[in-house]
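Hi,

Here is the structure I said I'd pass on. Have a look at it first, and my notes follow below.

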Amino acid sequence: MKLTTRKPLGKTDLSVPPVVYGTSYLGNLYKALAYDQKLELIRKWFACTEKPVVIDTAGKYGAGLALEVIGKGLADLGVDPEEVIISNKLGWYRIPLKGKEPTFEPGAWMDLGNDCVQRFGYEGILRCFEQGNGLLGGGYGAELVSVHDPDEYLLAASDPADRDRRLMEVLESYRALFDLKRDRKVKAVGIGSKDWTIIRELYEHVHFDWVMLANSFTLFSHPKEILEFMDRLDADGVGIINSAIFHGGYLTGGEKFDYQEVDLSTKKGKFLLVWREMFHRTCADFGVDPGDACIHFSLSHPAVSAIALNTSRPGQMIRNVEILQREIPPAFWQALSEKALIDQEYPYLKG
């Protein structure tokens, strides 16, 4: 059983399957998998999806370790470069590890032999692009490129003047990426952000080929404003990839919401817990797995070309294929709507 359907990625000449595969676990996110385990994950991409398979990676993932594993794994499996489309999020550059632990995101990455630093601006992004392709081993290269989490970079500004400077660096980064596209070194330029309003702000300056939403359009959160922006992107021919659809795993039972601990003593924390309990109870009433519901909802807007899923378990990839080939009864969505667990005005899941 494989994912065989594909949708155009906006006005690019690329088409994508319903699932784009995340690769942070290949960079030792939270745990260090053995190479054989990582190779099995790569093998399962091709067992579950018709070629070309699309994968999403970044220089930040393990300070370039994920890129190295991808290049070596694809080569070891004899994958032709035409059988894979690699998306690389740029803005982090590998440097030697000087201390015992890397300096970026302490506690998140295990057993790394390198560190990495943020590099934006025209030359900085070009260096990240060149290093990324080098880490892939020379036989493979990124065809989709973007700036990695520009929202976090702008949020770190110390004052308005510093934010203006950072914004110019982001825009210069995109000038470099579109020069790569002009020179036919990449096929499409996009953006990924946890704060969708930053995508909207930058879209006034940069006409992206595609965008990756994160923690933004989900079963839990789909405000009218983001639906209007998605409609605008769709009308402009901009492809949309939807990611982080479980809010860091919280919707399916995890302890963290958007990667932050949930404080049950706060109004927000109490609301999140009550919402999830009602959601899981409704899922049980209809025999629907909460993760299945999240996946189907996150693909329901017609502007979404694909969702990005990231797992360290090969068996979960097979289950995801089964989920996408199974329908969820309209009565389930109606029940969620009646309980105000999804917006009652959301138009795309009505029976």
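What covers the buried residues of H7? Keep in mind that this is a predicted model. The cover includes helix H6 (196-203), along with strands E10 (210-214), E11 (239-243) and E14 (304-309).

Now for H7 itself. The helix takes in residues 224-235, and its end C-alpha atoms lie 16 Å apart; that agrees with the 16 Å its 12 residues should span at 1.5 Å a residue. The buried residues in H7 are Ile 226, Leu 227, Phe 229, Met 230 and Leu 233. Around the axis they cover an arc of only 160°, so they sit on the same side of H7. Turn to the face pointing away from that buried side and you'll find Lys 224 and Ala 235, which are exposed. After H7 comes Gly 237, with a positive phi near 80°.

The other thing I looked at is the pair H8 and H9. H8 runs over residues 267-286 and H9 over residues 290-298; their axes come within 9 Å and cross at roughly 100°. Since angles of 65 to 115 degrees count as roughly perpendicular, that makes H8 roughly perpendicular to H9.

Which residues meet there? From H8 it's Phe 279, His 280 and Cys 283, and from H9 it's Pro 290, Ala 293 and Cys 294. Sorted by class, this contact has 5 nonpolar residues and 1 polar one, with no charged residues.

Cheers

Note on methods. Residues numbered from 1 in each chain as written. Predicted model: local features only at pLDDT ≥ 70, side-chain atom pairs only at ≥ 80, totals over all residues. Heavy atoms only, no water. Axes fitted to C-alpha atoms, helices over the stretch in contact; angles between N-to-C directions. Helix = DSSP H or I, 4+ residues; strand = E, 2+ residues; numbered from the N terminus. Parallel < 35°, antiparallel > 145°, perpendicular 65-115°, else oblique. Contact = heavy atoms within 4.5 Å. Nonpolar A, V, L, I, M, F, W, Y, C, P; charged D, E, K, R; others polar. Expected span 1.5 Å × (residues − 1). Buried < 20%, exposed > 50% of the residue type's maximum accessible area, 1.4 Å probe, protein only. Arc of directions from axis to C-beta.
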